[in-house]
Every structure is written in structure tokens, then in C-alpha cells.
Amino acid sequence: MVFEKKPIASSSSQNLKSPLPREDTPLIGKGKPLSSKSKTFANVFIAIVGAGVLGLPYAFKRTGWVMGLLMLFSVAGLTTYCMMLLVHTRRKLESFDNGFAKVNSFGDLGFAVCGHFGRFVVDVLIILSQAGFCVGYLIFIGNTLANLFNGEVSMVSGLSLGISGLSAKSWYIWGCFPFQLAVNSIPTLTHLAPLSIFADIVDLGAMGAVFVEDVSLIMKQSNEIIAFGGLSVFFYGMGVAVYAFEGVGMVFPIESEMKESRHFGKILALSMGLISLMYGAFGALGYFAFGPDTKDIITANLGAGWISAMVQLGLCVNLFISFPLMMNPVYEIVERRFGGGRYCLWLRWLLVLIISLVALFVPNFADFLSLIGSSVCCGLGFVLPALFHLLVFKEELGWKGWTVDVGIVTLGLVLGVSGTWSALVEMFSVKV
């Protein structure tokens, strides 16, 4: 068994001496360990809630509101269970008296269980997931700004079609490009920490504004809605739900900073339960308010007015700020593997360019959420936690434990393959 070897101690000591940020580096540096359950709850909330929630009403339109709620709650429960599998696996490894150092990140756990191959797989999935999130951010920014300023950019778009073939969305993405190069050149997360707090506040404010608008519209009118969209959209909806709850990589630093870590499971379950209820209400109310006219980004349904414009602009600023934060784990991995562990500006700029190019060719925000949720997040959130747990505890698990772990791995693989295919079909099909 690979996890009985002792190479992780030297690897961890090298990482502790490195000044470069890692995928488990706290956003606000080395502060005091969290001593309260409320702060741990807040950390889980911040790590989970993100831009993916904005695509939930459209996903409910595709799947039906009852089917959407069932999928959301199921994914929330399974994600919570798999997060705790990771925690139990780490605690088991650190209890071995054979030279293991602390397992600080998902990559460390992969190395401890499966050696260099395990770390490589985790690194690849983290790169794809984090970069995928950032592609989604640019899609949102481009589509939202094009929707906001449609009147102002119509002539520019028409001219561009004749000159370079660029759409309004493309102009906005390329407009962000030089500024993204600048903010992604910052070598440390410390300077970005206050901006990340601002981004979370904007997220909550935008969700609150959409909630109010949804309720007011529901009280004024009723729309034709469906409860079940059929099996053909099941995997599509699961991909969006998995994306919305993605945050498994943050479970280690959050649990490590909790003073009473024995209560972490209860706090995590409470946090995920409340988040799932909030997600369910947000998705269902958004779909009830706009019915068949629900757009892939729910803020595009808010209509004209300065409040709507401020909410959408605020979200664009939020995602622009979040881009370098989400890319930090990617930079740590790429610079470790290709830059000798040193800060490398040209590698960062190359990654930003690649992500911008991918965003130009993806038309629909919610469809892309489903693709990333199915192709990558199922592996990170379901397959690897259950597989690592099975490999470490295989001599202690009874047949029920084996059945659960193997079942989760199988489910994750099925959802990943089928959901990826379903999302690709949706992305490249003609919307009528």
C-alpha cells in the first residue's frame, strides 16, 4: 500500500519553507486558529456559495422544479458525505506512526494514498475545475455586459461582424483581458483578500435583489411551469447541481482551523443543509417568476432600471475580482511543475489567454456549468474521496462500507461520463 511509505514528510517540509502560495493557503494569511463554530459556518458558506447559483433557475426550467429540488438536495447530501470521507481519511493517515506529516491539501492526500500518480490526478482535476470556473466567469461578464448595453453596442456589434466577426460578448471579454493580465500578475493572495470579502458581499446582495424581484413578480402573475422535465435532462441538471456545491478542496484548511474540530461534521452538515435550502428557494422562485422565459443567467431577466443595472454590474465586478483568486491554485500547481516552484509571469499570462479564448466559443453560461460539474467536479467531489477512503480503510470496512464507497465511485463515474455528453449536446444544439 502506497500510504504506508514515508515520502510525504520531506515533501511537506519543502512546501512549508516555500514562500509561494499553495492550493490550501488561507486568503488572509496566517491568522489565529478559528475558535468558534460560527466562523467555521461562515467559512463553509463562503467556500461553497458562488456564481453557480445564478444558473439554477434556468436549470430548473430544463429539469422541472420538483426534479431540480430533488437533485439539489441529493447532491448536497452526497457532497457533505464525501467531504467527511476526506476528513476521516486524513485523520487516519495522520494517526499512523510511520513518519507522515500533516496532510494540508487535496494534493497531499492524493500523494499519501497513491504516490505521485495520485497527486498528478488531483492536480489535473483542480486545474480543470478552477480554470473552468474562470471560463464561466468570463462568459457571465461578456453576456451580462452585452445584455446591459445592447442598445449602445448594437452598432459596434454590427460593424464588428463586417470587420472582424467579433460579437458584443467577445468585445467585452477582450476588453477585460489586459486588466486580467494585471491582476493575475499579483504573486500573493494577501493583497487580494479584502477584495474577496467584497466579492462575497456582492454575491449575497445580488441574490437578495433577485429574491425580492422574484417574489414581487410571482404575486403579480403566474407562469406555465413544469414539475418534471424527463430523464433526458437528468444528467444535465445533476451537472449544474454538482457545480453549485463544488468546494471540496477547501474542506482541509477549514477543518484544520477549527479549534473544536470534533464538531466539524455537525457544522458542515448544518451549513450544507441551509445552503441547499437557499439554493432550492433561489432556483424555484426564479423559475416560478419567469417561467419559460427564464434565461441562462437569471439576472438577465431583471429587466431595465438602475437597480437591475447595479446588481448586474456588481456581479461582473465580483467575478472579475474572483478570477485571480480562483486561478491561484492553478498557478501554484503549474509553477511547481513547470517553473521550478518559482513565480512565472509568462505562464500566468498564457493561462489567462487560453481561458479567454475558451470563453469566446462557449455561448451559454448554464450549459457550461453543467459541463464542468459533470466532467470535473464529479471526479473531485465524489470519485476521489470515496476511492481514497476505500484504499485507506479497506482492511477495516465491512461489506456495507465497501458497497457504499464502490457505489459512490461508480455513481460519480456514471454521472461524469453521461453528464459530460449531455452538457456537450446541450451546448452545441440549436436553441429554439
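How many Å² does the accessible surface of the protein chain come to, and what percentage of it belongs to carbon and sulfur atoms? I found about 19200 Å² for the accessible surface, with 70% of it belonging to carbon and sulfur atoms; accessible areas here follow the Shrake-Rupley method with a 1.4 Å probe, and for residues only the protein chains shown count as cover.

Before going on I noted that this is a predicted model, in which local features need pLDDT of at least 70 and side-chain atom pairs count only at pLDDT 80 or more, while totals for chains, interfaces and linings use all residues. Residues are numbered from 1 along each chain as its sequence is written, and side-chain values use heavy atoms, with hydrogens and water left out.

**Entry on the whole chain**

I looked up the secondary structure and found 15 helices and zero strands in the protein chain, where helices (H or I, at least four residues) and strands (E, at least two) are DSSP runs numbered from the N terminus. Of the 432 residues, 53% count as buried, a word that stands for under 20% relative accessible area, with exposed meaning over 50% and partly exposed in between (1.4 Å probe, protein chains only). I then turned to contacts, meaning heavy atoms within 4.5 Å, and noted that, among those with a separation of 6 or more, 85% are between residues 24 or more positions apart.

**Entry on helix 3**

The buried residues are Leu-56, Pro-57, Tyr-58, Ala-59, Phe-60 and Thr-63, and their cover includes helix 4, helix 9 (234-244), helix 11 and helix 14 (365-393). Just after helix 3, I noted that Gly-64 has a positive phi of about 95 degrees.

I next followed helix 3 (residues 56-63) to helix 11 (residues 264-290), where the axes come within 7 Å and cross at roughly 65 degrees. Helix 3 is therefore roughly perpendicular to helix 11. For this I kept in mind that axes are lines fitted to C-alpha atoms, for helices over the stretch in contact, with angles running from 0 to 180 degrees between N-to-C directions; angles under 35 degrees count as roughly parallel, over 145 as roughly antiparallel, 65 to 115 as roughly perpendicular and the rest as oblique. The crossing of helix 3 and helix 11 is right-handed, and a crossing is called left-handed if the near helix is turned anticlockwise from the far one by less than a right angle, and right-handed if clockwise. On the side of helix 3 the contact is made by Leu-56, Pro-57, Phe-60 and Lys-61, while the residues of helix 11 include Tyr-279, Phe-282 and Tyr-287.

By class I listed seven nonpolar, three polar and one charged residues in the contact of helix 3 with helix 11; here Ala, Val, Leu, Ile, Met, Phe, Trp, Tyr, Cys and Pro count as nonpolar, Asp, Glu, Lys and Arg as charged, and the others, Gly among them, as polar.

**Entry on helix 4**

Helix 4 also packs on helix 11, at an angle of about 160 degrees and with the axes 10 Å apart, which means that helix 4 is roughly antiparallel to helix 11. This crossing of helix 4 and helix 11 is right-handed. Among the residues that meet are Trp-65, Leu-69 and Phe-73 in helix 4 and Phe-264, Leu-268 and Met-272 in helix 11, and by class the contact has 16 nonpolar, five polar and no charged residues.

I also checked helix 4 against helix 15 (residues 399-428), which pack at an angle of about 120 degrees with their axes 13 Å apart, so helix 4 is oblique to helix 15. The crossing of helix 4 past helix 15 is left-handed. Leu-78, Tyr-81, Cys-82 and Leu-85 in helix 4 meet Val-404, Asp-405, Ile-408 and Leu-411 in helix 15.

**Entry on single residues**

Leu-85, in helix 4 (residues 65-95), is buried with a relative accessible area of 3%. Leaving aside neighbours within four places in sequence, Leu-85 is in contact with Pro-385, Ala-386, His-389, Asp-405 and Ile-408.

Which residues does Gln-180 touch, not counting those up to four places away in sequence? Gln-180, in helix 7 (residues 168-183), touches Phe-320, Phe-323, Pro-324 and Val-352, and is buried with a relative accessible area of 2%.
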